[in-house]
4 protein chains.
Amino acid sequence: MERYCRQVFYYETDKMAIVHNSNYLRIFEEARLFFMEKIGIPYTKIEDAGILIPQVDAYVRYHQTLKYGDELCVDVHMTEFNGARMKYEYQIYRGSDKALIAEGFTSHCFIDEQTRMPVTLKKRMPDANDIMKANIG
Amino acid sequence: MERYCRQVFYYETDKMAIVHNSNYLRIFEEARLFFMEKIGIPYTKIEDAGILIPQVDAYVRYHQTLKYGDELCVDVHMTEFNGARMKYEYQIYRGSDKALIAEGFTSHCFIDEQTRMPVTLKKRMPDANDIMKANIG
Amino acid sequence: MERYCRQVFYYETDKMAIVHNSNYLRIFEEARLFFMEKIGIPYTKIEDAGILIPQVDAYVRYHQTLKYGDELCVDVHMTEFNGARMKYEYQIYRGSDKALIAEGFTSHCFIDEQTRMPVTLKKRMPDANDIMKANIG
Amino acid sequence: MERYCRQVFYYETDKMAIVHNSNYLRIFEEARLFFMEKIGIPYTKIEDAGILIPQVDAYVRYHQTLKYGDELCVDVHMTEFNGARMKYEYQIYRGSDKALIAEGFTSHCFIDEQTRMPVTLKKRMPDANDIMKANIG
């Protein structure tokens, strides 16, 4: 698990004066790529190897709202990884009082940048594959 | 059911050269508000009555990708509505070949703009409530 | 000159309940690519030829604001084009009363997708170059 | 002057694999609000006093590009402030090699949240007005 925190940006709010629902998928992405960098597999390294990681599905459950002025924190876990696919789970908290704001998950696969066909990290980046496996949880 | 179509915008793409995953929630919103306008309940009318419709949860399943140059079409259904909550389902197609690009759902509740407490459309906007009920499907 | 119109999207608003200032550059882009398509040079055709058109500079003057529920219209002109660079000017109006909402310009150059070095449309796409020149104004 | 730095987000890139031109206005906003917070006038405090700060105009000159994986830094100056209006200037650098990526400015006025009419910070928030004046430069 890694914890990723930052301030809410003004432009993330909508006319309800709360962070727009679509931005939660962007926050998930920030937290996920932060996680990958923290465990030593920055996404740039994977893209440099000609591999892309598109999103397969995504779910968000909105409990409370985030306002401009709030700090947000994301607890991000990689809960599944088998070399061909992986799944992340996220809990978004408000920094000030640790209130649970939203939670959700995203699933991803690995594809070749050129062919856009599925590949396994196990075959293409065995070292990265091992590190990923060691960080499931 | 209503069908909503438009061109993909260049700024919706990311460095994979496809529409970024978060934009699907924005496209869902465009289609949902189009649906409400089409059935005679534009969201502006609901907000003018002091009611907001935040998102409760959302799910997206990505099947294929959208590129700049593609037209996208969304088939949007309001599948549930009980006066206090409602649910929408969406299928996004590529306009040219009707390929299924993504599908998903969003759930929503009604809250008072001032108190931010739940309200029912049945009590606050009975006519709108009746129209909504008549368009479940 | 071409005129491009569409509805304001809910997610384009910010907590001031107006379209966020950054979205005007996105609206400029929508209008500019609409213009290029209208004159017969869709941007996809240029990218297929291995040419990119990055933005060199941009200016926006905000006169009034756009709200959710508004239609926006953009009058877009290509005011300069010399084969290596081009400039567009934009006036954004509210559809309902033709009030001037914002105006501005963007400048662009042509670069090779691989080398990222400047190229001229005159050399690489002489037919497109002629059509562009014929549409200055 | 204040310096604001953060990583580029993946979703900020477009299909040219660079940060989309519109996001520079968002980065300017992040840096500007960071500046205001640093000098002791967080924007939340101004909004709590019923004052909004819409953008009057904006200019961006793009020199180089930002990619995913880059850190960006913004040097932000408030170059003009007269109680009724203010102007900020920005230089965006790449963190790794201090290359100048873009520069620009934004101008702003103060309006009453309810009436949407111009107000002066001098009248409405004299202490904030003094702090602002002391930080021109």
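Me: Thanks! How many bridges join β1(D) to strand β4 of chain D?
Reply: Six bridges join β1(D) to β4 (residues 71–81) of chain D, and the two run antiparallel. Strands here are DSSP runs (E, at least two residues; helices are H or I, at least four), numbered from the N terminus, and two strands pair if DSSP finds at least two bridges between them.

Me: Which residue stands opposite D:Y4?
Reply: D:Y4 faces D:V74, which sits in β4(D).

Me: Before I go on, how should I read the numbering and the model?
Reply: This is a predicted model, in which local features need pLDDT of at least 70 and side-chain atom pairs count only at pLDDT 80 or more, while totals for chains, interfaces and linings use all residues. Residues are numbered from 1 along each chain as its sequence is written, with chains lettered from A and ligands numbered from 1 in the order in which they are written.

Me: OK, what order do the strands take in the sheet with β1(D)?
Reply: The order is β1(C)-β4(C)-β5(C)-β6(C)-β3(C)-β3(D)-β6(D)-β5(D)-β4(D)-β1(D), an open sheet of 10 strands with antiparallel pairing. Its edge strands are β1 (2–7) of chain C and β1 (2–7) of chain D, each pairing on one side only.

Me: Now chains A and B. What sheet is there?
Reply: An open sheet of 10 strands, with antiparallel pairing, in the order β1(A)-β4(A)-β5(A)-β6(A)-β3(A)-β3(B)-β6(B)-β5(B)-β4(B)-β1(B). Its neighbouring strands are turned by 15° against each other on average, direction ignored. That angle is taken between axes, which are lines fitted to C-alpha atoms (for helices over the stretch in contact), and runs from 0 to 180 degrees between N-to-C directions.

Me: Where do β3(A) and β3(B) come in?
Reply: β3 (residues 55–62) of chain A is joined to β3(B) by five bridges, and they run antiparallel. There, A:D57 stands opposite B:R61.

Me: How many residues of chain B are in contact with chain A?
Reply: 15 residues of chain B are in contact with 15 residues of chain A; contact means that C-beta atoms, placed from the backbone, lie within 7 Å. On the chain B side, β3(B) gives the largest share, eight residues.

Me: And what kinds of residues are on that side?
Reply: Nine are nonpolar, three polar and three charged. Nonpolar covers Ala, Val, Leu, Ile, Met, Phe, Trp, Tyr, Cys and Pro, charged covers Asp, Glu, Lys and Arg, and the others, Gly among them, count as polar.

Me: Last one: how many bridges are there between β4 and β5 of chain A?
Reply: β4 (residues 71–81) and β5 (residues 85–94) of chain A pair in the antiparallel sense over nine bridges. A:F81 has A:M86 in β5(A) as its bridge partner.

Technical notes. Contact = placed C-beta atoms within 7 Å.
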